[in-house]
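Welcome, and thanks for taking a look at this one with us. Please open the structure and keep it beside you while you read the notes below.

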Amino acid sequence: MLMETLSAYQRRDPAARSKLEIFLLYPGVHAILYHRVAHWLYGHKFRFLARCVSQWCKFWTDIEIHPGATIGKYFFIDHGTGIVIGETTVIGDHVK
């Protein structure tokens with residue numbers, strides 16, 4: 001999934017120079033990766049831990065995604081400061 005996410009960013013962002021740059025410097029990527037972990041925890045009934053991961057992500061990236069939100073493949077967040085995605089949100093594949 002990491003390579004899918006990095007490829008999505010590389011295809012959609014003309015300013016992206018490399019996958020390493022995207023991985024290290026793009027807060028949208030960090031938010032998506034944290035969400036994948038939090039969502040897995042949430043789905044396996046580790047809800048408190050999932051919320052902890054979610055809140056750490058919010059602190060680190062200023063992007064808040066509830067662990068219960070469903071996000072498809074190749075999701076792209078560009079300049080995501082202040083984005084909030086709630087628990088009942090469903091986002092499909094290839095969404096920017």
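Which helices do the buried residues of helix 1 pack against? They pack against helix 2 (19-25) and helix 3. Please bear in mind that this is a predicted model. Its average pLDDT is 94, and 100% of the residues score at least 70.

**Confidence**

- Helix 1 has the lowest confidence in the protein, with a mean of 89.
- Helix 4 (residues 47-61) has the highest, at 97.

- The buried residues of helix 1 are Thr-5, Leu-6, Ser-7, Ala-8 and Tyr-9.
- A pair of packed helices is described by the angle between the axes and the distance between them.
- For helix 1 (residues 2-12) and helix 3, the axes come within 11 Å and cross at roughly 150 degrees.
- Because of that angle, helix 1 is roughly antiparallel to helix 3.
- The crossing of these two helices is right-handed.
- On the helix 1 side, Leu-2, Thr-5, Leu-6 and Tyr-9 take part, and they meet Gly-28, Val-29, Ile-32 and Leu-33 in helix 3.
- Sorted by class, the contact of helix 1 with helix 3 holds six nonpolar residues, two polar ones and no charged ones.

**Helix 3 against helix 4**

- Helix 3 also packs with helix 4, at an angle of about 170 degrees and with the axes 8 Å apart.
- These two helices are therefore roughly antiparallel to each other.
- Helix 3 brings Pro-27, His-30, Ala-31, Tyr-34, Val-37, Ala-38, Leu-41 and Tyr-42 to the contact.
- From helix 4, the contact residues are Arg-47, Leu-49, Ala-50, Val-53, Ser-54, Trp-56, Cys-57, Trp-60 and Thr-61.
- By class, the contact of helix 3 with helix 4 has 13 nonpolar, three polar and one charged residues.

**His-35, a buried histidine**

- His-35 sits in helix 3 (residues 27-43).
- Is His-35 buried or exposed? With a relative accessibility of 4%, His-35 counts as buried, because the cut-off for buried is under 20%.
- Leaving aside residues up to four places away in sequence, His-35 touches Ile-65, His-66, Pro-67, Ala-69 and Ile-71.

**Histidines with positive phi**

- In general, most residues other than glycine have a negative phi.
- His-79 is not a glycine, yet its phi is positive, at about 50 degrees.
- You will find His-79 in the loop between strand 2 (70-71) and strand 3 (84-85).
- His-79 is exposed, at a relative accessible area of 73%.
- His-94 has a positive phi too, near 60 degrees, and is likewise a residue other than glycine.
- His-94 lies in the segment after strand 4 (90-91).
- With a relative accessible area of 48%, His-94 is partly exposed.

- Where is Gly-92 placed? Gly-92 is in the segment after strand 4.
- Gly-92 is partly exposed, with 37% relative accessible area.
- Not counting residues up to four places away in sequence, Gly-92 touches Gly-72 and Lys-73.
- The C-alpha atoms of Gly-92 and Ala-69 are separated by 11 Å, and the two residues are 23 residues apart along the chain.

Note on methods:
Residues numbered from 1 in each chain as written. Predicted model: local features only at pLDDT ≥ 70, side-chain atom pairs only at ≥ 80, totals over all residues. Heavy atoms only, no water. Helix = DSSP H or I, 4+ residues; strand = E, 2+ residues; numbered from the N terminus. Buried < 20%, exposed > 50% of the residue type's maximum accessible area, 1.4 Å probe, protein only. Contact = heavy atoms within 4.5 Å. Axes fitted to C-alpha atoms, helices over the stretch in contact; angles between N-to-C directions. Parallel < 35°, antiparallel > 145°, perpendicular 65-115°, else oblique. Left-handed = near helix turned anticlockwise from the far one by under 90°. Nonpolar A, V, L, I, M, F, W, Y, C, P; charged D, E, K, R; others polar. pLDDT = per-residue confidence, 0-100.
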